[in-house]
Amino acid sequence: MDAVFSFLTVYTHPELFALVAVGTFAGVYVGAIPGLSVTMAVSILISFTFSWDVLPAIALMIGIYMGGVYGGSRTAILLNIPGAPSAIATALDGYPMAKRGQAGEAIGITTVMSFIGGFVGIAVLAVAAPFVSDFALSFQPRDYMLLAVLGLLLVGSLAGESLVKGIFCGALGLMLGTVGMDPLTFTQRFTFDLPLLQSGISFIAVMIGLFGVSEALSQLHDVDKQAVRQKISRIVPSWGTVTKHLPLSMQTSALGVLIGALPGTGGDIAALMAYDHAKRVTRNPEREFGDGAIEGLVAPETANNAAVGGAFIPMMTLGIPGDAVTAIMIGALFIHGLNPGPMLMVEKPDMFWFIVGGLVLANFCMLFFGLTGIKLFVKIVEMPRAVLVPLIMLLSIVGAYAVNNSISDVYWMLGFGVFGYFLKLYGYPLGPIILGVILSRLLDDNWRRAILSERGSLEGFFMGILTSPLSLVLFLSVIFIFVSQTPPWKRWRKRREALRARIDPAKPAKVTTNKGDLPR
Amino acid sequence: MAAKRARRPGETAFTGLLLVVSLFLLWSAYGISGFESLSSAGAVPLATTFAMVVTAAIVLFKTNRMVPAADEKLGHEVLPPMVMVFAVLLLVYALLLEPLGFLPTSFLFLVVAIRLLSHRSWLYAAAISLLSLALIYILFRIVFTVLMPPGIVPEGEILSWLRQATGVRF
């Protein structure tokens, strides 16, 4: 019964209801405007909402998250510029549809499919999270440690150019998280006797630098790119179109939830994998993929919104972020004195049900805003970058300053902004860095606890892994990700794919998308 | 995948720099508690910086084997003048923020930035800046109640005067 009341909190409090609605509305635009990302918006928002109560702050972020993941598809369809990384796959078929004059139809089906995907994600979250958290109570410190490593490796291997660069960034993030006074032994770590570094580097400054300023600096490369207008036809899709693609949407939703729930990987990766999946299972598309196939819109859009609900599962149950945005939300919960993890679900189940309720509302708002207000939308998206880029920079500085009212945070932020610019330019993924910073404490604590409980013996630690089924599975997954990225394994895979293509010419070899092109 | 891409200008130097910094951090991590025990404060820093050194070395090795991009120049594709100008602008903004205050610094920054990027007149830049600054001020200072360095403009006093004069709580 309490769960129902907590679930309904957003609906019974007008101000929370309004915040979710406003958040979703803003999210659609933030997601749609190229150069503004959800990760950026949420990280800047943390610094502005930290003086609020926790519920309104979370309500706003939930809305932005849900709306933002969807919003990227709009510009992908209309301008062939994905507004967010999660909409890269959407542009492949969405833009050809728009060029044929079916922009409205494409937007309509995208909106409805995002809604369906979003619901599947939330439903799985609501059903699965309580079980996972019960299960999580039996997790040993070493399991947490392995999960953190697994998350970092996963996102490192899937998101960037190469696993090596991903590992570098993950390790860098972990290192940044350890800067300052060690909370267990009060030893100084990486402080170089500077008082500035004793309390550590503000993770919000790192985040805003990496996702705000570095993105704005990269945008300076193509300030003069002009948007092309598209004509918009009918928007609400026919019932027949929706039901026809329902089976595919269920498959890709499931895929999306799964990818979202894996620690570290979020909607961008889910969307690309779903697109790949749709390509393989669709036997006779009305049009070829890449030439405006509706399946090519259905798959990524269901998957990326399903990944939202999925990403909350590890966040709420284990305190391990499902993707970059949930990593930032964990930071927000920390700031508000909450400690996400299995104990939060036990002690404050109302928080969980509040988030589920907020997500459901955000999903409805997304459907509503998605199917209305297109004219206004086109105007806002055409906002010249010459104005947009300076504004992002301004907000980044204000945001970095606002957290602690300290100018040194602004310098950190700017430093990381410039650093992030170069990292991006040379193909390093930024996601693992922020994940590393957030996971650093968890990994450090749990490693030390695990090794202390074995009285400092490494053999004891590995025996512990071998004797616990869960630890063993996690450990083997870590090893597998590692091995699957080594050159001999890749060569073996390629040979096998080639062999299969020769045996069954109807099934083309799996097309791998070059993830190095992801604008991160 | 990485091998197919051409090497961008400055990539080797950047990777080399990452390696040097990683080595320095490894040395610094060793200084925390050495190889005292597996559960010491320095264990995780040592492991992470070691991972950084190894991966940076591998990346450097791979980068060295890449074909340099023939059509890219350091001053054009990698670090165009505009990016440099903006890096400096941002630094100046941060330096002036506390002494001058949020409103004047932001206004100056926006005017210069928008003028540089839009190639329109100063008047256009000033008008757009004023408008967006007003919106930001209302949204963040009044709705989000974020405190910004006041500097030379006594905006806190003006706000409280306005609140008293109008009798409206905002």
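Predicted model: local features only at pLDDT ≥ 70, side-chain atom pairs only at ≥ 80, totals over all residues.
Me: Where do I start? How many helices and strands are there in chain A?

Reply: Start by counting elements. Chain A has 24 helices and 2 strands.

Me: How do I judge whether chain A is compact?

Reply: For chain A the radius is 22 Å. The rule gives 24 Å for 520 residues, and the two values are close, so chain A is as compact as a globular protein of that length. The C-alpha trace of chain A spans about 65 × 60 × 55 Å along its principal axes.

Me: What share of the residues of chain A count as buried?

Reply: Burial is a matter of counting neighbours. A residue is buried if 20 or more other C-beta atoms lie within 10 Å of its own. In chain A, 59% of the 520 residues count as buried.

Me: Now chain B. Which elements does chain B have, from the N terminus on?

Reply: Read them in order: α-α-α-α-α-α-α. That is 7 helices and 0 strands.

Me: Is chain B compact or spread out?

Reply: For chain B it is 25 Å, well over the 15 Å that the globule rule gives for 170 residues, so chain B is more spread out than a compact globule. Its C-alpha atoms fill a box of roughly 65 × 50 × 25 Å along the principal axes. Buried residues make up 28% of chain B.

Me: What do contacts tell me about sequence distance?

Reply: Take the contacts between residues at least 6 apart in sequence. Then ask what share joins residues at least 24 apart. In chain A the share is 78%. In chain B it is 64%.

Me: Into which domains is chain B divided?

Reply: The domain assignment gives domain 1 (11–77) and domain 2 (80–166). To place them, compare their centres. The C-alpha centres of domain 1 and domain 2 of chain B lie 38 Å apart.

Me: Which residues of chain B does the "transmembrane region" annotation cover?

Reply: Here you go to a record. The unreviewed UniProt entry gives "transmembrane region" for residues 41–61, 82–102 and 122–140 of chain B. Then look at the model. Residues 82–102 of chain B are 95% helix and 0% strand, with end C-alpha atoms 24 Å apart. Residues 122–140 of chain B are 100% helix and 0% strand, and their end C-alpha atoms lie 26 Å apart.

Me: How do I read the place where the two chains meet?

Reply: Count the residues on each side. Here 55 residues of chain A are in contact with 53 residues of chain B. Next, ask which elements supply them. On the chain A side, α3 (38–49), α8 (163–178), α19 (385–404), α20 (407–425) and α21 (431–453) each give two or more residues. Helix α19(A) gives the most, with 11 residues. Last, sort by class. The side of chain A that touches chain B has 38 nonpolar, 11 polar and 6 charged residues.

Me: How do I describe two helices that pack together?

Reply: Two packed helices are described by the angle between their axes and the distance between the axes. Take helix α5 (residues 88–99) and helix α6 (residues 103–136) of chain A: they pack at about 145°, with axes 7 Å apart.

Me: Which residues of α5(A) and α6(A) meet?

Reply: From α5(A) come Thr90(A), Gly94(A), Met97(A) and Ala98(A). They meet Ala103(A), Glu105(A), Ala106(A) and Thr110(A) of α6(A). By class, this contact has 4 nonpolar, 3 polar and 1 charged residues.

Me: Let me try one residue. Is Val88(B) buried or exposed?

Reply: Count first. Val88(B) has 10 C-beta neighbours inside 10 Å. The cut-off for exposed is 12 or fewer, so Val88(B) counts as exposed. Val88(B) lies in helix α4 (residues 81–100) of chain B. Sequence and space are separate scales. Val88(B) and Thr12(B) are 76 residues apart in sequence and 24 Å apart in space, C-alpha to C-alpha.

Me: What about backbone angles? Where is Asp193(A)?

Reply: Look for a positive phi in a residue that is not a glycine. Asp193(A) has one, of about 60°. Asp193(A) sits in the loop between β2 (188–189) and α9 (195–198) of chain A. With 7 other C-beta atoms within 10 Å, Asp193(A) is exposed.

Me: And in chain B, where is His119(B)?

Reply: In the loop between α5 (102–118) and α6 (122–143) of chain B. The phi of His119(B) is positive, near 55°. His119(B) has 11 C-beta neighbours inside 10 Å and counts as exposed.

Terms used: Residues numbered from 1 in each chain as written. Chains lettered and ligands numbered in written order. Contact = placed C-beta atoms within 7 Å. Helix = DSSP H or I, 4+ residues; strand = E, 2+ residues; numbered from the N terminus. Nonpolar A, V, L, I, M, F, W, Y, C, P; charged D, E, K, R; others polar. Rg over C-alpha atoms; globule rule 2.2 N^0.38 Å. UniProt positions renumbered as here; feature names shortened; annotations may be inferred. Domains from an automatic or database assignment. Axes fitted to C-alpha atoms, helices over the stretch in contact; angles between N-to-C directions.
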